[in-house]
Amino acid sequence: MSVQSMFKPVSIALLAAAMAACSNQAPAPKAESLNNEDWYQVRTEENLYLFDDATVYRDFLVSGKAPYLKDLQEKDKYGQAIVLALRAEDQGKDLKKIAAYQFLKQSLPPASSFYGEIRQEGIIFVSRRYGDMVDVNNLGEPIFRHTEIASGPNGERVVYLLQKEEKKPEKLIKQFQVNNGITPTKG
């Protein structure tokens, strides 16, 4: 028996075993969504409510309620209790898997299509950049802005957060109007 004829059956057996092993591998686990496209905040005299779900946020604005409110037992730098407003299915999640909490702790990178709102004292701050929202939280006011008086859904002042050389943010204004059910007035 030649060496070549002896290796041929062994090679075929090894090839068959390798193919079988590859076909029996479990599928890769589905990556969990980062939920980093939007972040909402509502400041009251006593609480800072944080949202990472637009529907929960909109419902809260109407009713003052959320499916689940989780008091973090900590206060922000202004002395307001920090409360997560969550979907019912998120109430058992580890805090490190809740986007609103991760954004607060600055441990989640925002999506490139980020959108955010902060509501406080009759003013709505609107942003397309996470860093601008962090600045408002730290400073209490935006560094650069475009302000529209009485243009919110209930006549609130709306402040659009900008970068230094940025012009009037037409796309962000339109997105805010669509998100809040506002029909733009023709100028």
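View 1. Phe144 is placed in strand E7, which covers residues 144-148; helices (H or I, at least four residues) and strands (E, at least two) are DSSP runs numbered from the N terminus. The model shown is predicted, so that local features need pLDDT of at least 70 and side-chain atom pairs count only at pLDDT 80 or more, while totals for chains, interfaces and linings use all residues. Residues are numbered from 1 along each chain as its sequence is written, and side-chain values use heavy atoms, with hydrogens and water left out. Phe144 counts as partly exposed because its relative accessibility is 34%, where buried means under 20% relative accessible area, exposed means over 50%, and partly exposed lies in between (1.4 Å probe, protein chains only). Together with Leu139 and Ile143, Phe144 makes a nonpolar surface patch of about 290 Å². Patches are made of residues with over 30% relative accessible area and no salt bridge, like charges being joined within 9 Å and nonpolar side chains (Val, Leu, Ile, Met, Phe, Trp, Tyr) within 5 Å; accessible areas come from the Shrake-Rupley method with a 1.4 Å probe, and for residues only the protein chains shown count as cover.

View 2. Strand E5 (residues 115-120) pairs with E6 in the antiparallel sense over five bridges, two strands being paired if DSSP finds at least two bridges between them. Within this pairing, Glu117 has Val126 of E6 as its bridge partner. The two strands form a hairpin with two residues between them, and Glu121 in the turn has a positive phi of about 50°. E6 and E8, by contrast, run parallel and are joined by four bridges, with Ile124 standing opposite Val158 in E8.

**View 3. The largest nonpolar core.** This core has 23 residues, of which Trp39, Leu50, Leu84 and Phe125 touch the most other members; a nonpolar core is a set of buried Ala, Val, Leu, Ile, Met, Phe, Trp, Tyr and Cys residues joined through side-chain atoms within 4.5 Å. Among the elements that give two or more residues to this core are strand E2 (47-51), strand E4 (81-86), helix H3 (99-104) and strand E6 (123-127). Leu84 has contacts (heavy atoms within 4.5 Å) with residues including Leu50, Tyr68, Leu95 and Tyr101, not counting residues up to four places away in sequence.

**View 4. Salt bridges.** The whole structure holds 14 salt bridges, each being a side-chain nitrogen of Lys or Arg within 4 Å of a carboxyl oxygen of Asp or Glu. Glu166 forms one with Arg129, their closest N and O atoms being 2.8 Å apart. This pair links distant parts of the chain, 37 residues apart, with Glu166 in the loop between E8 and helix H5 (170-179) and Arg129 in the loop between E6 and H4. Glu166 is partly exposed at 21% relative accessibility, and Arg129 is partly exposed at 23%. Glu141 and Arg145 also meet through their side chains in a salt bridge, at 2.7 Å from N to O. Salt bridges that share partners join Arg58, Glu117, Arg119 and Glu156 into one network.
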